[in-house]
Amino acid sequence: MAGIASRRLAKELKEIHTQGCPVGIQLLSADNFEEWHLSLEVMGDSQYQGEVFALKFRFEPQYPISAPAVQFMVTDKYKSPVHPHVYSNGHICASILGTEWSPVLSVIGVCVTLQSMLASCKKKERPPDNDRYVRHAPDNPKQTRFHYHDDTV
Amino acid sequence: MSIDPLEKWLASDVHDPSDFPKSATTLRDLDGSLRCNICGELFSAPVTLGCGHCFCSVCVREAIQVKAECPTCRKTTNESHIRSNPQMEAAVEGWRNSRALVLRLCLEEEKRRSAPACAPSTISSTIKKRKRSPDSSSSPTTPEASNERPDKRANGPSSSSQEVTIIASADLVNCPICQKRVQMKRVNSHIDNGCRSPSSSDIERTRSKPAQAQKNAWSKILDRNVSGKGKAKERDGDCAPLPKASYQVLKDKQVKDLLVDQQLPTTGDRNAWIARHQRWVLIWNANLDKQPEQRKTISELRAELRRWEEGRSKAKKAPVVEDAVEYEKLNKAQFDRLIAAARPKNSRDTQTQTPADKPPDEGKENGGNDDDDDDVIVLD
(Lines give C-alpha, C1' and ligand atoms only; values in the text may rest on other atoms or scores of the structure.)
Protein backbone atom coordinates (compact mmCIF):
# COMPACT_ATOMS: atom_id res chain seq x y z
CA MET A 1 0.00 0.00 0.00
CA ALA A 2 2.57 2.39 1.12
CA GLY A 3 4.47 1.44 -1.99
CA ILE A 4 1.83 2.84 -4.31
CA ALA A 5 1.73 6.15 -2.45
CA SER A 6 5.52 6.48 -2.48
CA ARG A 7 5.77 5.58 -6.15
CA ARG A 8 3.12 8.05 -7.10
CA LEU A 9 4.75 10.79 -4.99
CA ALA A 10 8.15 9.94 -6.41
CA LYS A 11 6.76 10.49 -9.88
CA GLU A 12 5.19 13.80 -8.87
CA LEU A 13 8.47 14.90 -7.31
CA LYS A 14 10.40 13.92 -10.39
CA GLU A 15 8.03 15.83 -12.58
CA ILE A 16 8.44 18.91 -10.40
CA HIS A 17 12.21 18.58 -10.66
CA THR A 18 12.31 18.08 -14.41
CA GLN A 19 9.43 20.25 -15.58
CA GLY A 20 9.40 22.83 -12.81
CA CYS A 21 6.36 24.22 -11.01
CA PRO A 22 3.75 26.55 -12.52
CA VAL A 23 4.35 30.27 -12.01
CA GLY A 24 4.00 31.36 -8.38
CA ILE A 25 4.40 27.88 -6.93
CA GLN A 26 7.66 26.61 -5.47
CA LEU A 27 8.68 23.47 -3.68
CA LEU A 28 10.04 24.36 -0.23
CA SER A 29 10.70 20.90 1.09
CA ALA A 30 9.93 17.30 0.19
CA ASP A 31 12.29 15.28 2.35
CA ASN A 32 9.98 12.31 2.69
CA PHE A 33 6.73 10.92 1.41
CA GLU A 34 4.72 12.01 4.43
CA GLU A 35 4.90 15.79 4.44
CA TRP A 36 5.72 18.33 1.74
CA HIS A 37 5.83 22.10 1.91
CA LEU A 38 5.20 24.40 -1.05
CA SER A 39 5.07 28.13 -1.33
CA LEU A 40 2.23 29.86 -3.11
CA GLU A 41 2.03 33.33 -4.55
CA VAL A 42 -0.86 34.85 -6.47
CA MET A 43 0.43 36.34 -9.69
CA GLY A 44 -0.98 39.40 -11.40
CA ASP A 45 -3.63 41.75 -10.11
CA SER A 46 -5.27 40.40 -6.97
CA GLN A 47 -6.12 41.04 -3.33
CA TYR A 48 -2.97 39.21 -2.30
CA GLN A 49 -0.39 41.07 -4.34
CA GLY A 50 3.08 40.72 -2.88
CA GLU A 51 2.02 38.13 -0.29
CA VAL A 52 3.64 34.71 -0.20
CA PHE A 53 1.94 31.80 1.56
CA ALA A 54 3.10 28.29 2.35
CA LEU A 55 1.10 25.12 2.03
CA LYS A 56 1.62 21.98 4.06
CA PHE A 57 0.65 18.65 2.47
CA ARG A 58 0.38 15.53 4.61
CA PHE A 59 0.01 12.18 2.85
CA GLU A 60 -1.50 8.94 4.07
CA PRO A 61 -0.41 5.54 2.82
CA GLN A 62 -3.69 5.42 0.87
CA TYR A 63 -2.73 8.43 -1.25
CA PRO A 64 -3.88 9.10 -3.99
CA ILE A 65 -7.09 7.20 -3.24
CA SER A 66 -7.48 9.28 -0.09
CA ALA A 67 -6.98 13.04 -0.24
CA PRO A 68 -3.87 14.64 1.26
CA ALA A 69 -4.37 16.86 4.31
CA VAL A 70 -3.68 20.36 3.02
CA GLN A 71 -3.47 23.57 5.03
CA PHE A 72 -1.76 26.92 4.96
CA MET A 73 1.22 27.07 7.27
CA VAL A 74 1.06 29.59 10.10
CA THR A 75 4.60 30.30 11.29
CA ASP A 76 6.80 33.28 11.99
CA LYS A 77 7.52 33.56 8.30
CA TYR A 78 4.18 32.64 6.77
CA LYS A 79 0.63 33.74 7.56
CA SER A 80 -2.68 32.26 6.63
CA PRO A 81 -4.30 34.30 3.84
CA VAL A 82 -7.36 36.34 4.82
CA HIS A 83 -10.01 34.67 2.68
CA PRO A 84 -13.65 33.69 3.29
CA HIS A 85 -12.71 29.99 2.97
CA VAL A 86 -9.48 29.99 4.92
CA TYR A 87 -9.43 29.92 8.72
CA SER A 88 -6.81 31.79 10.68
CA ASN A 89 -5.20 28.48 11.72
CA GLY A 90 -4.58 27.71 8.05
CA HIS A 91 -7.38 25.20 7.55
CA ILE A 92 -9.07 25.45 4.17
CA CYS A 93 -12.71 24.85 3.41
CA ALA A 94 -12.45 23.56 -0.17
CA SER A 95 -14.45 20.65 -1.48
CA ILE A 96 -11.63 19.23 -3.59
CA LEU A 97 -9.73 18.54 -0.37
CA GLY A 98 -12.69 16.65 1.07
CA THR A 99 -15.66 15.08 -0.64
CA GLU A 100 -14.69 16.21 -4.13
CA TRP A 101 -11.16 14.84 -4.02
CA SER A 102 -10.30 12.71 -6.99
CA PRO A 103 -7.30 10.39 -7.21
CA VAL A 104 -6.27 11.92 -10.53
CA LEU A 105 -5.55 15.22 -8.77
CA SER A 106 -1.97 15.89 -7.74
CA VAL A 107 -0.01 18.13 -5.39
CA ILE A 108 0.57 20.67 -8.14
CA GLY A 109 -3.06 20.41 -9.21
CA VAL A 110 -4.21 21.28 -5.69
CA CYS A 111 -1.77 24.21 -5.52
CA VAL A 112 -3.07 25.62 -8.80
CA THR A 113 -6.67 25.31 -7.61
CA LEU A 114 -5.90 27.10 -4.36
CA GLN A 115 -3.98 29.75 -6.28
CA SER A 116 -7.01 30.45 -8.41
CA MET A 117 -9.24 30.38 -5.33
CA LEU A 118 -7.16 33.21 -3.87
CA ALA A 119 -6.93 35.03 -7.19
CA SER A 120 -10.69 35.18 -7.62
CA CYS A 121 -11.29 36.56 -4.11
CA LYS A 122 -13.16 39.88 -4.14
CA LYS A 123 -13.07 40.84 -0.49
CA LYS A 124 -10.52 39.91 2.13
CA GLU A 125 -12.33 38.57 5.15
CA ARG A 126 -12.25 35.57 7.49
CA PRO A 127 -14.98 32.91 7.44
CA PRO A 128 -17.93 34.01 9.65
CA ASP A 129 -17.36 31.18 12.16
CA ASN A 130 -13.60 31.59 12.29
CA ASP A 131 -13.19 32.09 16.05
CA ARG A 132 -15.48 29.25 17.03
CA TYR A 133 -13.83 26.85 14.57
CA VAL A 134 -10.27 27.74 15.43
CA ARG A 135 -10.94 27.22 19.13
CA HIS A 136 -12.02 23.60 18.64
CA ALA A 137 -10.29 22.66 15.40
CA PRO A 138 -8.45 19.34 15.27
CA ASP A 139 -4.80 19.31 14.28
CA ASN A 140 -5.56 17.60 10.99
CA PRO A 141 -8.07 19.45 8.78
CA LYS A 142 -9.18 16.12 7.31
CA GLN A 143 -10.93 15.39 10.59
CA THR A 144 -13.23 18.35 10.10
CA ARG A 145 -16.40 17.78 8.17
CA PHE A 146 -16.70 21.06 6.32
CA HIS A 147 -19.98 22.17 4.91
CA TYR A 148 -19.29 23.43 1.41
CA HIS A 149 -21.83 26.15 0.88
CA ASP A 150 -20.38 28.70 -1.48
CA ASP A 151 -19.11 27.88 -4.92
CA THR A 152 -18.70 31.40 -6.20
CA VAL A 153 -15.19 32.00 -4.94
CA MET B 1 12.38 6.17 8.79
CA SER B 2 11.26 9.25 6.96
CA ILE B 3 14.23 9.39 4.63
CA ASP B 4 14.51 5.66 3.99
CA PRO B 5 11.56 5.23 1.65
CA LEU B 6 12.62 8.23 -0.36
CA GLU B 7 16.09 6.93 -0.95
CA LYS B 8 14.76 3.49 -1.61
CA TRP B 9 12.47 4.79 -4.29
CA LEU B 10 15.00 7.08 -5.83
CA ALA B 11 17.37 4.13 -6.02
CA SER B 12 14.81 1.94 -7.69
CA ASP B 13 13.68 2.97 -11.11
CA VAL B 14 10.50 4.95 -11.07
CA HIS B 15 9.72 5.72 -14.68
CA ASP B 16 7.65 8.60 -15.88
CA PRO B 17 7.18 10.57 -19.09
CA SER B 18 9.86 13.10 -18.13
CA ASP B 19 12.48 10.38 -18.65
CA PHE B 20 12.34 11.50 -22.27
CA PRO B 21 14.24 14.68 -23.16
CA LYS B 22 12.33 17.92 -23.56
CA SER B 23 12.85 17.88 -27.31
CA ALA B 24 10.89 14.63 -27.59
CA THR B 25 7.55 16.00 -26.48
CA THR B 26 5.65 13.56 -28.66
CA LEU B 27 7.31 10.66 -26.89
CA ARG B 28 6.50 12.22 -23.55
CA ASP B 29 2.89 12.49 -24.65
CA LEU B 30 2.86 8.91 -25.86
CA ASP B 31 4.35 7.66 -22.61
CA GLY B 32 1.91 9.76 -20.59
CA SER B 33 -1.10 8.56 -22.53
CA LEU B 34 -0.30 4.94 -21.73
CA ARG B 35 -0.22 5.63 -17.99
CA CYS B 36 -2.95 5.40 -15.39
CA ASN B 37 -3.79 8.82 -13.99
CA ILE B 38 -4.24 7.36 -10.53
CA CYS B 39 -1.00 5.46 -9.95
CA GLY B 40 1.10 7.00 -12.73
CA GLU B 41 2.35 3.60 -13.88
CA LEU B 42 1.92 2.09 -17.32
CA PHE B 43 -1.55 0.56 -17.34
CA SER B 44 -1.86 -2.79 -15.64
CA ALA B 45 -5.09 -4.50 -16.68
CA PRO B 46 -6.51 -1.35 -18.29
CA VAL B 47 -10.26 -0.95 -18.01
CA THR B 48 -12.64 1.66 -19.39
CA LEU B 49 -15.66 3.16 -17.68
CA GLY B 50 -18.89 4.20 -19.34
CA CYS B 51 -17.44 7.66 -20.00
CA GLY B 52 -14.51 6.14 -21.86
CA HIS B 53 -11.80 7.03 -19.33
CA CYS B 54 -9.22 4.38 -18.80
CA PHE B 55 -7.46 3.28 -15.57
CA CYS B 56 -5.71 0.29 -14.06
CA SER B 57 -8.35 -2.13 -12.90
CA VAL B 58 -7.06 -2.21 -9.32
CA CYS B 59 -6.79 1.59 -9.11
CA VAL B 60 -10.25 2.35 -10.38
CA ARG B 61 -11.87 -0.40 -8.32
CA GLU B 62 -10.28 1.08 -5.21
CA ALA B 63 -11.35 4.59 -6.18
CA ILE B 64 -14.93 3.52 -6.88
CA GLN B 65 -15.10 1.83 -3.50
CA VAL B 66 -14.49 5.24 -1.96
CA LYS B 67 -16.60 7.29 -4.37
CA ALA B 68 -18.78 5.96 -7.17
CA GLU B 69 -17.68 8.32 -9.91
CA CYS B 70 -15.11 8.50 -12.67
CA PRO B 71 -11.97 10.02 -11.10
CA THR B 72 -11.35 12.09 -14.23
CA CYS B 73 -14.75 13.45 -15.27
CA ARG B 74 -16.79 12.74 -12.11
CA LYS B 75 -19.50 10.96 -14.07
CA THR B 76 -21.40 8.59 -11.78
CA THR B 77 -20.32 5.04 -12.29
CA ASN B 78 -20.09 1.69 -10.53
CA GLU B 79 -18.24 -1.57 -10.82
CA SER B 80 -20.64 -2.99 -13.35
CA HIS B 81 -19.51 -0.32 -15.84
CA ILE B 82 -15.95 -1.58 -15.79
CA ARG B 83 -14.96 -3.14 -19.10
CA SER B 84 -11.55 -4.57 -19.77
CA ASN B 85 -9.67 -3.02 -22.66
CA PRO B 86 -7.52 -5.67 -24.34
CA GLN B 87 -6.44 -3.38 -27.19
CA MET B 88 -5.03 -0.88 -24.75
CA GLU B 89 -3.40 -3.69 -22.86
CA ALA B 90 -1.68 -4.88 -26.02
CA ALA B 91 -0.54 -1.35 -26.82
CA VAL B 92 0.85 -0.92 -23.32
CA GLU B 93 2.64 -4.28 -23.49
CA GLY B 94 4.21 -3.26 -26.78
CA TRP B 95 5.31 0.07 -25.36
CA ARG B 96 6.54 -1.52 -22.14
CA ASN B 97 8.79 -3.80 -24.14
CA SER B 98 10.12 -1.15 -26.48
CA ARG B 99 10.23 1.83 -24.10
CA ALA B 100 13.79 1.30 -22.88
CA LEU B 101 15.09 0.90 -26.41
CA VAL B 102 13.27 3.98 -27.68
CA LEU B 103 14.46 5.94 -24.68
CA ARG B 104 18.04 4.93 -25.29
CA LEU B 105 17.94 5.80 -28.96
CA CYS B 106 16.25 9.06 -28.13
CA LEU B 107 18.89 10.04 -25.58
CA GLU B 108 21.69 9.01 -27.91
CA GLU B 109 20.19 11.16 -30.62
CA GLU B 110 19.83 14.04 -28.21
CA LYS B 111 23.46 13.72 -27.18
CA ARG B 112 24.66 13.47 -30.74
CA ARG B 113 22.76 16.58 -31.68
CA SER B 114 23.88 18.63 -28.71
CA ALA B 115 27.53 17.58 -29.03
CA PRO B 116 28.50 16.98 -32.65
CA ALA B 117 32.21 17.07 -31.89
CA CYS B 118 31.72 14.79 -28.90
CA ALA B 119 33.60 17.13 -26.60
CA PRO B 120 34.03 15.54 -23.18
CA SER B 121 32.58 18.54 -21.38
CA THR B 122 29.27 18.21 -23.19
CA ILE B 123 29.09 14.53 -22.46
CA SER B 124 29.47 15.13 -18.77
CA SER B 125 26.76 17.75 -18.93
CA THR B 126 24.43 15.26 -20.53
CA ILE B 127 25.21 12.78 -17.84
CA LYS B 128 24.60 15.37 -15.20
CA LYS B 129 21.27 16.19 -16.73
CA ARG B 130 20.33 12.57 -16.63
CA LYS B 131 21.32 12.26 -13.00
CA ARG B 132 17.81 13.39 -12.20
CA SER B 133 16.43 10.12 -13.35
CA PRO B 134 17.04 7.84 -10.43
CA ASP B 135 18.45 4.91 -12.36
CA SER B 136 21.56 6.71 -13.51
CA SER B 137 22.79 7.06 -9.94
CA SER B 138 25.89 4.99 -10.61
CA SER B 139 28.65 6.85 -12.31
CA PRO B 140 28.80 5.54 -15.83
CA THR B 141 32.24 4.94 -17.23
CA THR B 142 31.44 4.90 -20.92
CA PRO B 143 29.08 7.07 -22.88
CA GLU B 144 27.04 3.97 -23.72
CA ALA B 145 26.77 3.08 -20.09
CA SER B 146 25.03 6.34 -19.35
CA ASN B 147 22.29 5.28 -21.69
CA GLU B 148 21.96 1.79 -20.37
CA ARG B 149 18.89 1.31 -18.24
CA PRO B 150 18.81 -1.27 -15.47
CA ASP B 151 15.60 -2.42 -17.04
CA LYS B 152 16.02 -5.93 -18.35
CA ARG B 153 13.72 -5.15 -21.24
CA ALA B 154 16.41 -2.90 -22.62
CA ASN B 155 18.81 -5.79 -23.06
CA GLY B 156 16.46 -8.33 -24.46
CA PRO B 157 18.00 -10.99 -26.63
CA SER B 158 17.64 -8.71 -29.63
CA SER B 159 19.93 -5.95 -28.37
CA SER B 160 23.59 -6.23 -29.18
CA SER B 161 25.18 -8.47 -26.60
CA GLN B 162 28.60 -7.02 -27.40
CA GLU B 163 27.62 -3.69 -25.98
CA VAL B 164 25.95 -5.23 -22.99
CA THR B 165 29.10 -7.13 -22.14
CA ILE B 166 31.26 -4.03 -22.20
CA ILE B 167 28.97 -2.21 -19.84
CA ALA B 168 28.48 -5.17 -17.61
CA SER B 169 32.17 -5.69 -17.02
CA ALA B 170 32.65 -1.97 -16.54
CA ASP B 171 30.43 -1.58 -13.51
CA LEU B 172 30.61 -4.99 -11.93
CA VAL B 173 32.18 -5.30 -8.50
CA ASN B 174 32.80 -8.14 -6.12
CA CYS B 175 30.25 -8.42 -3.36
CA PRO B 176 32.18 -7.88 -0.10
CA ILE B 177 30.32 -10.77 1.51
CA CYS B 178 29.79 -13.53 -1.01
CA GLN B 179 32.37 -12.39 -3.58
CA LYS B 180 29.84 -12.79 -6.36
CA ARG B 181 30.12 -10.34 -9.25
CA VAL B 182 27.34 -7.84 -8.82
CA GLN B 183 26.52 -4.56 -10.51
CA MET B 184 27.81 -1.63 -8.52
CA LYS B 185 24.41 0.00 -8.21
CA ARG B 186 22.78 -3.23 -7.09
CA VAL B 187 25.30 -4.10 -4.41
CA ASN B 188 23.24 -2.63 -1.61
CA SER B 189 20.03 -4.38 -2.51
CA HIS B 190 22.00 -7.57 -3.13
CA ILE B 191 23.42 -7.49 0.40
CA ASP B 192 20.07 -6.50 1.82
CA ASN B 193 18.58 -9.59 0.24
CA GLY B 194 21.06 -11.77 2.07
CA CYS B 195 23.31 -12.26 -0.96
CA ARG B 196 20.72 -14.21 -2.84
CA SER B 197 21.40 -14.71 -6.51
CA PRO B 198 21.10 -11.51 -8.52
CA SER B 199 17.91 -10.71 -10.36
CA SER B 200 17.32 -12.05 -13.83
CA SER B 201 18.42 -8.79 -15.36
CA ASP B 202 21.76 -9.18 -13.66
CA ILE B 203 22.15 -12.65 -14.98
CA GLU B 204 21.39 -11.37 -18.40
CA ARG B 205 23.92 -8.63 -18.03
CA THR B 206 26.70 -10.75 -16.68
CA ARG B 207 26.57 -13.34 -19.37
CA SER B 208 29.67 -13.14 -21.49
CA LYS B 209 29.45 -15.89 -24.09
CA PRO B 210 27.24 -15.23 -27.08
CA ALA B 211 26.31 -18.92 -27.13
CA GLN B 212 24.97 -18.70 -23.64
CA ALA B 213 23.14 -15.56 -24.57
CA GLN B 214 21.49 -17.40 -27.38
CA LYS B 215 20.55 -20.21 -25.07
CA ASN B 216 19.08 -17.74 -22.62
CA ALA B 217 17.09 -16.12 -25.37
CA TRP B 218 15.68 -19.46 -26.48
CA SER B 219 14.85 -20.61 -23.00
CA LYS B 220 13.13 -17.30 -22.44
CA ILE B 221 10.87 -17.86 -25.40
CA LEU B 222 10.27 -21.52 -24.60
CA ASP B 223 9.77 -20.89 -20.91
CA ARG B 224 7.17 -18.32 -21.64
CA ASN B 225 5.18 -20.77 -23.74
CA VAL B 226 5.45 -23.51 -21.19
CA SER B 227 4.53 -21.35 -18.25
CA GLY B 228 1.75 -19.77 -20.27
CA LYS B 229 0.16 -23.17 -20.78
CA GLY B 230 0.71 -24.11 -17.19
CA LYS B 231 -0.93 -20.94 -16.02
CA ALA B 232 -3.84 -21.47 -18.36
CA LYS B 233 -4.40 -24.89 -16.88
CA GLU B 234 -4.14 -23.60 -13.36
CA ARG B 235 -6.71 -20.97 -14.10
CA ASP B 236 -9.04 -23.03 -16.25
CA GLY B 237 -11.43 -24.10 -13.55
CA ASP B 238 -11.90 -20.83 -11.73
CA CYS B 239 -11.85 -17.74 -13.88
CA ALA B 240 -15.22 -16.40 -12.88
CA PRO B 241 -15.34 -13.02 -11.14
CA LEU B 242 -16.12 -13.15 -7.43
CA PRO B 243 -19.31 -11.45 -6.27
CA LYS B 244 -19.15 -8.72 -3.66
CA ALA B 245 -20.58 -9.70 -0.29
CA SER B 246 -22.78 -7.56 1.92
CA TYR B 247 -20.88 -8.15 5.12
CA GLN B 248 -23.31 -6.27 7.36
CA VAL B 249 -25.97 -8.96 7.04
CA LEU B 250 -23.54 -11.84 7.54
CA LYS B 251 -22.79 -13.48 10.85
CA ASP B 252 -19.17 -13.88 11.97
CA LYS B 253 -19.24 -17.54 11.00
CA GLN B 254 -20.45 -16.73 7.48
CA VAL B 255 -17.76 -14.09 6.98
CA LYS B 256 -15.19 -16.61 8.10
CA ASP B 257 -16.60 -19.16 5.67
CA LEU B 258 -16.12 -16.72 2.82
CA LEU B 259 -12.40 -16.72 3.61
CA VAL B 260 -12.31 -20.49 4.06
CA ASP B 261 -13.97 -20.93 0.66
CA GLN B 262 -11.16 -18.93 -0.92
CA GLN B 263 -8.54 -20.72 1.19
CA LEU B 264 -7.46 -17.47 2.78
CA PRO B 265 -6.08 -17.14 6.31
CA THR B 266 -8.67 -16.55 9.03
CA THR B 267 -6.44 -14.74 11.50
CA GLY B 268 -7.56 -11.53 13.15
CA ASP B 269 -11.00 -10.25 14.03
CA ARG B 270 -14.16 -9.73 12.01
CA ASN B 271 -12.96 -6.40 10.63
CA ALA B 272 -9.73 -7.98 9.48
CA TRP B 273 -11.68 -10.77 7.76
CA ILE B 274 -13.89 -8.31 5.96
CA ALA B 275 -10.97 -6.14 4.85
CA ARG B 276 -9.09 -9.23 3.68
CA HIS B 277 -12.02 -10.65 1.75
CA GLN B 278 -12.83 -7.28 0.20
CA ARG B 279 -9.27 -6.85 -0.98
CA TRP B 280 -9.16 -10.40 -2.26
CA VAL B 281 -12.33 -9.88 -4.34
CA LEU B 282 -10.83 -6.64 -5.66
CA ILE B 283 -7.49 -8.04 -6.78
CA TRP B 284 -9.12 -11.24 -8.02
CA ASN B 285 -11.58 -9.39 -10.24
CA ALA B 286 -8.92 -6.92 -11.37
CA ASN B 287 -6.73 -9.84 -12.38
CA LEU B 288 -9.52 -11.14 -14.59
CA ASP B 289 -9.46 -7.86 -16.50
CA LYS B 290 -6.10 -8.91 -17.89
CA GLN B 291 -5.75 -11.07 -20.96
CA PRO B 292 -5.42 -14.73 -19.91
CA GLU B 293 -1.73 -14.90 -20.81
CA GLN B 294 -0.95 -11.83 -18.70
CA ARG B 295 -2.82 -12.95 -15.59
CA LYS B 296 -1.15 -13.67 -12.30
CA THR B 297 -1.40 -17.10 -10.76
CA ILE B 298 -3.44 -17.69 -7.63
CA SER B 299 -0.29 -18.01 -5.57
CA GLU B 300 0.97 -14.67 -6.89
CA LEU B 301 -2.36 -13.10 -5.91
CA ARG B 302 -2.09 -14.64 -2.45
CA ALA B 303 1.39 -13.19 -2.05
CA GLU B 304 0.05 -9.82 -3.17
CA LEU B 305 -2.72 -9.98 -0.58
CA ARG B 306 -0.20 -10.86 2.10
CA ARG B 307 2.03 -7.92 1.17
CA TRP B 308 -0.97 -5.63 1.20
CA GLU B 309 -1.93 -6.75 4.70
CA GLU B 310 1.61 -6.37 5.96
CA GLY B 311 1.69 -2.83 4.62
CA ARG B 312 -1.61 -2.10 6.29
CA SER B 313 -0.62 -3.47 9.66
CA LYS B 314 2.57 -1.44 9.51
CA ALA B 315 0.60 1.71 8.83
CA LYS B 316 -1.85 0.82 11.57
CA LYS B 317 0.76 0.63 14.30
CA ALA B 318 0.32 4.28 15.10
CA PRO B 319 -3.44 4.45 15.58
CA VAL B 320 -4.87 7.45 13.79
CA VAL B 321 -8.25 8.77 14.83
CA GLU B 322 -9.81 9.82 11.56
CA ASP B 323 -12.82 11.60 12.92
CA ALA B 324 -12.64 12.68 16.53
CA VAL B 325 -16.39 13.26 16.92
CA GLU B 326 -17.31 9.96 15.30
CA TYR B 327 -14.69 8.16 17.36
CA GLU B 328 -16.05 9.63 20.53
CA LYS B 329 -19.58 8.63 19.62
CA LEU B 330 -18.58 5.11 18.69
CA ASN B 331 -16.66 4.58 21.88
CA LYS B 332 -18.98 6.48 24.18
CA ALA B 333 -20.14 3.32 25.92
CA GLN B 334 -16.57 2.30 26.63
CA PHE B 335 -15.59 5.75 27.81
CA ASP B 336 -18.60 5.86 30.12
CA ARG B 337 -17.74 2.47 31.54
CA LEU B 338 -14.15 3.51 32.13
CA ILE B 339 -15.24 6.71 33.79
CA ALA B 340 -17.69 4.85 35.97
CA ALA B 341 -15.00 2.36 36.90
CA ALA B 342 -12.48 5.08 37.63
CA ARG B 343 -14.71 7.20 39.85
CA PRO B 344 -15.32 4.94 42.85
CA LYS B 345 -11.78 3.67 42.69
CA ASN B 346 -10.42 7.18 42.87
CA SER B 347 -12.55 8.18 45.80
CA ARG B 348 -11.79 4.91 47.55
CA ASP B 349 -8.10 5.39 46.91
CA THR B 350 -8.12 8.87 48.32
CA GLN B 351 -10.22 7.74 51.26
CA THR B 352 -7.97 4.86 52.13
CA GLN B 353 -4.81 6.78 51.50
CA THR B 354 -5.79 10.03 53.06
CA PRO B 355 -5.83 8.82 56.65
CA ALA B 356 -2.36 7.41 56.29
CA ASP B 357 -0.74 10.12 54.19
CA LYS B 358 -2.26 13.35 55.38
CA PRO B 359 -4.91 12.60 57.97
CA PRO B 360 -5.88 16.02 59.23
CA ASP B 361 -6.19 18.03 56.04
CA GLU B 362 -9.73 17.68 54.70
CA GLY B 363 -9.44 20.62 52.35
CA LYS B 364 -6.57 19.11 50.42
CA GLU B 365 -8.48 15.93 49.88
CA ASN B 366 -11.30 17.87 48.38
CA GLY B 367 -8.88 19.67 46.13
CA GLY B 368 -7.49 16.34 44.95
CA ASN B 369 -10.94 15.09 44.18
CA ASP B 370 -11.71 18.16 42.16
CA ASP B 371 -8.64 17.57 40.09
CA ASP B 372 -9.75 14.04 39.39
CA ASP B 373 -13.13 15.28 38.32
CA ASP B 374 -11.50 17.70 35.95
CA ASP B 375 -9.59 14.85 34.37
CA VAL B 376 -12.79 12.94 33.93
CA ILE B 377 -14.45 15.87 32.23
CA VAL B 378 -11.59 16.13 29.80
CA LEU B 379 -11.95 12.45 28.99
CA ASP B 380 -15.64 12.82 28.42
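## A tour of chains A and B

Start by selecting Arg35(B): this residue is buried, and Asp31(B) is buried too (buried means under 20% relative accessible area, exposed over 50%, and partly exposed in between, with a 1.4 Å probe and protein chains only). Before you move on, know that this is a predicted model, where local features need pLDDT of at least 70 and side-chain atom pairs count only at pLDDT 80 or more, while totals for chains, interfaces and linings use all residues. Residues are numbered from 1 along each chain as its sequence is written, chains are lettered from A and ligands numbered from 1 in the order in which they are written, and side-chain values use heavy atoms, leaving out hydrogens and water.

**Stop 1**

Show the side chains of Arg35(B) and Asp31(B), and you'll find a salt bridge at 3.0 Å, N to O (a side-chain nitrogen of Lys or Arg within 4 Å of a carboxyl oxygen of Asp or Glu). Side chains of opposite charge can pair when their charged atoms come close. Over all chains, the structure holds 29 salt bridges.

Now slide along to helix α11 (residues 252–261) of chain B, where Asp257(B) and Lys253(B) sit four residues apart, about one turn of the helix (helices are DSSP runs of H or I with at least four residues, strands are runs of E with at least two, and both are numbered from the N terminus). These two form a salt bridge, with their closest N and O atoms 3.0 Å apart. Buried or exposed: what is Lys253(B)? Its relative accessibility is 57%, so Lys253(B) counts as exposed. Asp257(B), at 30%, counts as partly exposed.

**Stop 2**

Select residues 36–74 of chain B, where UniProt (an unreviewed entry) places the feature "domain: RING-type"; UniProt positions are given in the numbering used here, feature names are shortened, and annotations may be inferred rather than shown by experiment. The span is 26% helix and 15% strand, and its end C-alpha atoms lie 16 Å apart.

Next, look for an open, three-stranded sheet in chain B with the order β2-β1-β3 and antiparallel pairing (two strands pair if DSSP finds at least two bridges between them). β2 (54–56) and β3 (83–84) of chain B stand at the edges with a single partner strand each, so one side of each has no neighbour in the sheet. Zoom in on β1 (residues 46–48) of chain B, which two bridges join to β3(B). Thr48(B) stands opposite Arg83(B) there.

**Stop 2: over to chain A**

Colour chain A by secondary structure: three helices and four strands, following the pattern α-β-β-β-β-α-α along the sequence. Of its 153 residues, 53% count as buried.

Pick out β1 (residues 25–29) and β2 (residues 35–41) of chain A, antiparallel strands joined by four bridges. They form a hairpin with five residues between them. Click on Ile25(A), whose bridge partner in β2(A) is Leu40(A).

Finally, select Lys142(A) and Glu60(A), whose side chains meet in a salt bridge (3.1 Å, N to O). Lys142(A) lies in the segment after α3 (130–136) of chain A and Glu60(A) in the loop between β3 (52–58) and β4 (69–72) of chain A, so the pair ties together parts that are 82 residues apart in sequence. At 25% relative accessibility, Lys142(A) counts as partly exposed.
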